Structures are given as C-alpha cells and as structure tokens.
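Let's take a friendly walk through a protein model. Have a look at the picture first, then read on.

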Protein chains: 2
Amino acid sequence: MFVSDALGLSRHAEKRLEEKNILRDAFIPHSFFSDLIEVLRFDKKFGEIEEGTVIAKTVKGVRVVRGFPKIRRALTLYPTLKQHFEKEVAVEEKMNGYNVRIARFGKNLYAMTRRGYICPYTTERCREKVGLDFFKDNPDLVLCCEAVGEESPFVPKKVYGISELEFFVFDIREMRTNAPLPIREKMSLCEEYGLKAAPILEIADVRRAHEIIVEIVKRLGKEGREGVVIKDPAMKIDPLKYTTSEANAGDLSYAFRYFNEYGKDFMFSRIIREGFQSFEFNEDEKEFRERCFRLGFSILKSLRESIKDVYEGKEVREKIRLRFRDFEVLNLFIEHLRKTGVTFEVVDVRKEGEYAILHVERIMRSTTDKIKSHLGGSPW
Amino acid sequence: MFVSDALGLSRHAEKRLEEKNILRDAFIPHSFFSDLIEVLRFDKKFGEIEEGTVIAKTVKGVRVVRGFPKIRRALTLYPTLKQHFEKEVAVEEKMNGYNVRIARFGKNLYAMTRRGYICPYTTERCREKVGLDFFKDNPDLVLCCEAVGEESPFVPKKVYGISELEFFVFDIREMRTNAPLPIREKMSLCEEYGLKAAPILEIADVRRAHEIIVEIVKRLGKEGREGVVIKDPAMKIDPLKYTTSEANAGDLSYAFRYFNEYGKDFMFSRIIREGFQSFEFNEDEKEFRERCFRLGFSILKSLRESIKDVYEGKEVREKIRLRFRDFEVLNLFIEHLRKTGVTFEVVDVRKEGEYAILHVERIMRSTTDKIKSHLGGSPW
C-alpha cells in the first residue's frame, strides 16, 4: 500500500491501520484536481501520525502532508507561560477563521482542511490568493494558514474587514516531518513572497510575558479579535493559545445558536475559561459585571433567536456566501459538502462579474427539531 | 430470593436481575435499624421497577417501596400543559430540598433517599418530625416528601426560613403499586394528621393554566423559591415540573462552584431552560438584560470563588451542619456517608442542648485538583 511505503510503516502497523478503518477518501476525483490520483486522510490519530494527515498519490509521486497538531490552551497566563517556555516568547495574533494547509502537488496548489479534506472552494481561493511562487522555491514546505473573511464556509466573520477570503500564514512546516520553521524564518519567507502572515505582536521575556499579554488580550478583545498564540521563537517547544473574553462569548453565541449540533464540551470549556480569566485579570466590580452580562447575553440572545426562528415556522440555518471563478468548482464544492455530511440547501447562484456567487444555507436539523418539539409541547 | 417473591418476578427475570447486578445493599445493620433484617435497593431501573425501589425484609415480613418516578419538565408552558393534561390542573409549589420516601417497617419509620438508601440522619429526623400516627392508620402508604432546610446533607438552603429540617409531603403513594392518591385526599390526610404539605397554589382550568403559572413563577422567583409541579388533581396523568429563572441560576451557581463534580448535562439543560423561558415570558429589554446578567453572574461568581479557594491553598468544600439526638446515629451517618462514596472531613462535633451537632465538609476533590492543575501552569 502506498500509504505504508510513504510513512515507512511496518507490516504490523499497516494491518492495524486497516483494521481500525482510519484511512478515508480525501477528495472527489475531478479535472480540477488533475494532479491527484488517489488521496487518503487519517480520520483519527494513529501513533505519531496526526489526525488530518494527508497522503497523496500524485502524477509526480507520493506526498505526505502531516496533520496540524492540536494547540493546547493556557487557562492561566501565570505561571503557565513561565513553566512552559524558555527565555523568550513570540506573541502572535490568533486569527478567527478556519485552519488550512496549503501544499503543492504536481503543477497546482491544494488546500486541505483540518480533517484532511481537499476542499474545492478553498483550493480555488488559495490558487488565486497565494499563488505558486513560494512553492517553486520550497516544494517540500506547507503553508499553515488561517482562512479568514466573510466568505467562509465554516467561520463567516466580519471582524477583519475582509469581505471575501484571505489566507494568513501562521506556520510553515516541512511536509513529511511536520517540523515548523523558526518564527524569524517564517516571517522573512512571508515577506519575501508577499504572503500575508498572522502578525507577531510582541517578542517578550518569558518572565514578563503574562503581564504584557493581559494588556494585549484586553485590547484585542475590545477590537472583537480572537486572541493570541504564544510561541517559542525557535519553534522547538509546542505553542499555547489564549483567547479574549469577547472571543469566548462569540464562540458561545455561535454554539448556543446551534445548541443541539454542538458538543456540550465546547460550551463547557469556554465557560470555564471565563472563570479563570476573570480571576487572573483581577478585575474590578464593573468589569466583572460586564463579563457576567457578556456571558449570559451571548448564550441567551442566541437561544432566543433560534427559538424565535422555529416559532415563526423557519428552520435554524446558517447563511453562507461563497464565490467561485469556475462554475464546475462550485458544483464540485456542493458535492463535497454533501460528501462531508453537511445538510444544506442551495438558495441562490448568481453571476457577479467574473464570479459565480453561491448562497448556501446549512440546516441545523437537530437544533430545529429539538426546539420544534418543545414549542409543540413535549416535556424534556 | 425474597425480592423475586415480593415482586412476583419470573425465574427468567430473576436471573437477568442478578446478571445485571442491579440490587445493592440499602443500609448498614445497626440497632437503630432494629426492624430491618435485609434491605436491597434497585441501583437502576429494571423493567417496570423504578430506580431507587426498596425491598425490605423486616421483622414483620417483606415490604416493597417503589422508587419515586422521574418528573418530566415542561420547557414551554403553552402548549405543553394543554396537551398533557385534561380539564384542570393543580399547581403545587416545588420545594427545594431532597426527595425522601418515608414508610413504616415494623415498629418504626424509615426514610429512604432518592436512590433507595436508608439514611440514618433523615430517618432520625423524620421519626421526630413526622411521627407514627399517620402510619398506624395507613400502614401501606408511603409519604413522599421534600426534606427542606439549612440542615440538609444534600441541599442546604436558607430560603424557607427553616433552620433545621422539615418534611413537606407532596405525594402519598401505595407502597407496592406506587399509585398516588388524588390531590384532595392527600391534602385532607395531611391536614388530619398534622403533616406539612407542599402548598397547592392554584387549581386552574388547563386552558388558562399557562398564563396563571407565568405569574406564579415570576412571584416565586422573586422570593427565591424553586418553582411548581403541575398535577392532574386525580393523579391519573403524570405531573410536570417548571422552575423559576432564579432557581435555574441557583442550580448553575451550585454546579459551577463544584464544576468538575457535576455532569455537563446538568449545566446544559438549565441553560437551555432559560432560553425557552425568556422566549415564552416575552420579556422586555430590561428583564432580558437582568436574566442575562443573572445567568452569567451565577456561573462566574461560583467559578471565581472556587478558583480563589484553591489559590489560597484551600480545597473546594461544601459545608454541612446536621443535628443528631442519638450520638450513635451520628456515627452511623458518618459510616453511611463513607459507604455512599462521599469524600468528606468531620470538622467538629459538639453538644448543643439535647443534640449533637455535626459539622462535616464535603471535599470536592475533582474540582480542587482541576483548578490546582491550571493555577499551577497546566494547559487544558
């Protein structure tokens, strides 16, 4: 099997991999994906191999793109940073979008989502926005990007003033080993090739970093931004993330809008974070009351909105708008959505200049049904 | 086996019951429990037999006390009540304490908790507060009570102005069949024997009940009380419960104080209730903002308090004060706590008039450890 060869798996490991049914198709064959012969993704972690790892048999041979590793979260800045890092930390803005790995296979770029799907929409966007220059000189590197903007199939956000979709590089990694470049190298490569990068907000002495980050996080929160990723400048130590109260509230607002589609762990962990931040930020009575209100409001406003939708006979839906240059890619994306198990309705497709604009609504069936049942008189 | 005989189980059912390991010891043998030879409780539901059902081999023969059935919750008052009930409903106050079934075995009263344990503390209290009169005339009936007050091992509450512990009858049921008496009969028996009962606040036409209950629930909320149980006066239809926003917030406050001991479902369901109530009560902007703040505050205040406790080197603990007439019962209760898997520390025992006052603190190990780990620098 080409996967075992590519990863150097033993016979024994190969057998276990098959038994566990971890490998899944990662794309829908189509002329738009002309460089790809067969692509598999790891649907779960397997030993050292991260979930979302992609093994692509291409016209130019087999390529491995390792899954993006989970970034753990600091619940307290002090003493977590001091214990986890050495000497200095780089404080990078954490942008709020979806995680995309961009690599070159054969002649073209391909964009992989967190779970390892090759997404037609994101692929077309990155070919336009990112381009091949960087990969001509660095064929074995992967750009790990946050795809951010209002035209996002997963996390539509208005915050950044990006009406379409942009890619912000936050890591550059070696394809096969997943080894990240040091921050300095990453930033200078981004500059050299004109790539947007998640901004480095500060390089701080680890002993003072917690104080500085409290201020940064408060400021980012007021601007509606998500938070920071704290990194070892050499990228030898795993990074940690830390988010603003406003982002936690935003996540809760989203999760409770679609409360029956989301895991309770998602809500729970975000609520607990608020408790730790409130404690560590040592806030006064007024700030604390604001935080309480923000938390309650983010939850109840969304719940009320969804209940109201169903009361008015509608379904709970998420509206998504995306642009496509190639009409065939639009159709391919619709097929991709179907394949990944999303329930949706295509509401409108219209021509706008050189683009076909797709309006699709994701239907939150479980939340809708739950609300409908209680509004209809079913007890819990 | 005396259990199968008492319940009339088939050989097949008896075998399944054994295989599933559902029957557990319900008490610790002691002279205080002198009427009891062997008592078993159902640790899970088994066919028709409710969780918490107790089968007692006593000096006077075998007796069955069925488990108290789960009361489902109305998420919306309208149209739930109209659909669920017929003609009229009785609106009973739901008191906030712990569920206790009181029955006579042999010469004495015994108090069973929800899960079917014979609790030494509650048993001693009910012998003093409830007495045998009712049971002399009605040996086959069970008093289903809410045990309420500041001296509660499970739900210490100041709300009702009860500094010790009182028993409020909310159902009277037949031991073996679990059939409840109609409301009117229940209330007149309570009156006849001088038993406290959960108050009936209203008998309402089912078509108007939702409007009346909105007003009742708002009023109860302001008084810090829990809510209502809505019942068919004939008790032929299962009751439904409905709680105040303040009680939901109170539950959340309690649950987040001890957040790692509690199931996420507990928090989640209470938050969802608030969404439905907010929608149905059609509240204005000011009321809605108050509800948001109440929700956020109930959560964050508790979280902060527990984090602060651990930060100051303490454990997260719940303080409980109980009185015992008989010092041996006090010791028996401590043994009972240990047996039911509670981690606790006896902080003080002192004589106060005719009573021994026990101060015990329940130690919330899981919450304490979780907080300690994050305060110590562990990422999530």
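The copies meet through the same surface, because 100% of the interface residues of chain B are also interface residues in chain A. The contact (heavy atoms within 4.5 Å) takes 48 residues from chain B and 48 residues from chain A.

Before going further, note that this is a predicted model, in which local features need pLDDT of at least 70, side-chain atom pairs count only at pLDDT 80 or more, and totals for chains, interfaces and linings use all residues. Residues are numbered from 1 along each chain as its sequence is written, chains are lettered from A and ligands numbered from 1 in the order in which they are written, and side-chain values use heavy atoms, with hydrogens and water left out.

How do the chains pair up? Here is the interface in brief, with buried area being the accessible area (1.4 Å probe) that two parts lose on being put together, summed over both, and a salt bridge being a side-chain nitrogen of Lys or Arg within 4 Å of a carboxyl oxygen of Asp or Glu.

| Item between chain B and chain A | Value |
|---|---|
| Buried area | about 4,700 Å² |
| Share of that area from carbon and sulfur atoms | 79% |
| Salt bridges | two salt bridges |
| B:Lys264 to A:Asp265, closest N and O atoms of the salt bridge | 3.2 Å |

Of the area that chain B buries against chain A, B:Phe279, B:Arg304 and B:Trp380 supply 16%, more than any other three residues.
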